[in-house]
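Hi everyone, thanks for coming. Have a look at the sequence and the model on the screen, and then I'll walk you through a few places in it.

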Amino acid sequence: MKQFQGTAASGGICIAPCFRQQQAPAPARQQLSPGEELSHFEGARKAALAELLALREEGTTREAREIFATHAMMLTDEDFLDTVRRIITLQQHSAASAVKAAVGEFSSMFEEMDSAYMRERAADVREIGTRLLRLLSGQVAAQPDTRCILCAAELSAADTASFDPAIVCGFATEDGTAASHAAILARAKGIPAVVGLGEALRTVDAGTLLILDGSSGIVIADPDTATLCRYEAALKKQTQRNEQLHRLAAEESRTADGHKVIIAANIGTPDEVESALKNGAEGVGLMRSEFLFLSSPTPPTEEMQFEAYKSVLTEMHGQRVVIRTLDIGADKQAPCLPLPAEPNPALGCRAIRVSLARRDLFAAQIRALLRAAKFGHLAVMFPLIISLAEVREIKRFVALQKTALTAGGYEVGSFEFGIMIETPAAALISDSLAQEVDFFSIGTNDLTQYTLAADRTNPAVAALCDPHHPAVLGLISVAAESARRYGKPVAVCGEAAADPALAEAFLRMGITELSVSPAAVLPLREAVRSFHLD
């Protein structure tokens, strides 16, 4: 029996034989003339772009679609393409050799940047390079056809997105981090995963029975009888717990002493409505509208947005749907809307500031929302608010769009007008803001980083972003008290809402709704049903 310690990347236990993803040997090829190598490279680039666009369209999660949209954008980056072409033409390299050299140059450049977000782009460049090299060489990776735990040096986003959880029940890698694309997609698909196991993982032969614990970061090869029995019992409990949680899907979210709580779902695309309903969400507490801007080379039209919003409202059958207006900038970039480089993007032009700066884009979104409002119970919230002046300017802008639509013969509805409390400024003036809006939604992710002056995307200080900090809780309490004073509902839609200890504290403050990922709805409902708020 051998035990390996890695990094926990996606929770859960699985037990299955090891499968090693081996590449078929690349066929030998004589180097061609520079012109022919350029043509060979262009063919591979177009094939890679077609694959990525198809993967983006087929993606079943917001995370997958965003990743593949980013990779597709990289394959049109002129700096990268010109570097490959220059190496082929001037240095007389083959297409494959030029891709390797360009990938090395660009990934090194990203790794040396100060921004944690930009450093992560190095992995994207390497993944693009792997895809191009596969197409240039004609290599094909063997795929498992029976239940297994997949072991590899590193896995790409495309590999992980293609996994069937009924076949690949877990994966273990030598490299990678919990923030890698493979780990993000594993969590979205519910596949247990351990990463960063190092070269020791190479000592495990294909076919060896493995135990993988994605919550503790442990992988055990060839377990003894006692260890296997212990983990089989834990796996059985895990299965029973999942079944128990799903029985709560039809139950109310009500505390043990009778207080009704709304537990809604955070979603990134209309496709996630099904998961929200399956998990018993009581509405959509946050629908991110960025997916429309990430999936197109040009900004989405009013009509495209109208159809997307309408579909969600229709599928939710009258349950309240809260849509957040465009929130890009800082660590979220849209290929169709490039923003200028900023020395401190988290404090720069992002979220509502982009909308107010680009009134053409803002008008299209507001018009689409007003037209969709007649198809359900719609609430719209505006991110990164810091002043009363902003709120009044947005309200005037919405009124102008509604008047213009009516004059143009469109049927329009009305929506609840809300704002996100995710800056200390908004929390501290929440008494004034509550008198102007219909509801608050507290975004704990940004509120925490702005309150504690710690960039949540920077690994060096990410541990400081603690939503339990009394300063963060104090600001949330101020906002909740302001909302209660004027009879306005207030939700928490950041990741902290899924923490049972924090959720109970929020409810005691007067928070009326908790909005979490679809997968977190039922565990949170179970916790809420045990609370005694009185």
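**A walk through the model**

Let's begin with a pair of strands: E7 and E8 run antiparallel and are joined by four bridges. When I say strand, I mean a DSSP run of E with at least two residues, while a helix is a run of H or I with at least four, both numbered from the N terminus. Two strands count as paired if DSSP finds at least two bridges between them.

Before going on, a word on the ground rules. This is a predicted model, so local features need pLDDT of at least 70 and side-chain atom pairs count only at pLDDT 80 or more, whereas totals for chains, interfaces and linings use all residues. Residues are numbered from 1 along each chain as its sequence is written, and side-chain values use heavy atoms, with hydrogens and water left out.

How confident is the predictor? pLDDT is its confidence in each residue, from 0 to 100. The chain averages 87, and 90% of its residues reach 70 or more.

E7 and E8 make a hairpin with four residues between them, and Gly 217 in the turn has a positive phi of about 80 degrees. Leu 210 has Ala 221 in E8 as its bridge partner. On the E1 side, E1 and E8 pair in the antiparallel sense over four bridges, with Gln 5 opposite Ile 218 in E8.

Which way do the side chains of E8 point? Ile 218 and Ile 220 go one way, Val 219 and Ala 221 go the other, and all are buried. Buried here means under 20% relative accessible area, exposed means over 50%, and partly exposed is in between, using a 1.4 Å probe and protein chains only. As a rule, in a regular strand the side chains alternate between the two faces of the sheet.

Now zoom out. These strands belong to an open sheet of eight, in the order E1-E8-E7-E3-E4-E5-E6-E2, with mixed pairing. E1 (2-5) and E2 (7-10) stand at the edges with a single partner strand each, so one side of each has no neighbour in the sheet. From one strand to the next, the twist averages 30 degrees. Thr 7, for instance, has Val 195 in E6 as its bridge partner.

What lies across this part of the sheet? Helix H7 (residues 181-189) lies across E2, E5 (168-173) and E6, at about 50 degrees to E2. Angles run from 0 to 180 degrees between N-to-C directions, with axes fitted to C-alpha atoms, for helices over the stretch in contact. Helix H8 (residues 225-246) packs on the sheet too, touching E3 (13-20), E7 (209-213) and E8 (218-221), and its direction makes about 115 degrees with that of E3. Contact, by the way, means heavy atoms within 4.5 Å.

On to the cysteines. The structure holds zero disulfides, a disulfide being a pair of cysteine sulfur atoms within 2.5 Å. Cys 14 is buried at 1% relative accessibility. Cys 18 is in no disulfide either, with the sulfur of Cys 151 nearest at 3.6 Å, and Cys 18 is buried at 5%.

Next, the nonpolar cores: sets of buried Ala, Val, Leu, Ile, Met, Phe, Trp, Tyr and Cys residues joined through side-chain atoms within 4.5 Å. The largest has 80 residues, and Phe 382, Phe 506 and Leu 514 have the most contacts inside it. A second, separate core of 31 residues includes Leu 52 and Leu 132.

Last stop, two loop residues. His 317, in the loop between H11 (302-315) and E11 (321-324), has a positive phi near 50 degrees without being a glycine. Ala 453, in the loop between H17 and H18 (470-485), is another non-glycine with a positive phi, about 55 degrees. His 317 is exposed at 68%, and Ala 453 is exposed at 73%.

Technical notes. pLDDT is the predictor's confidence in each residue, from 0 to 100.
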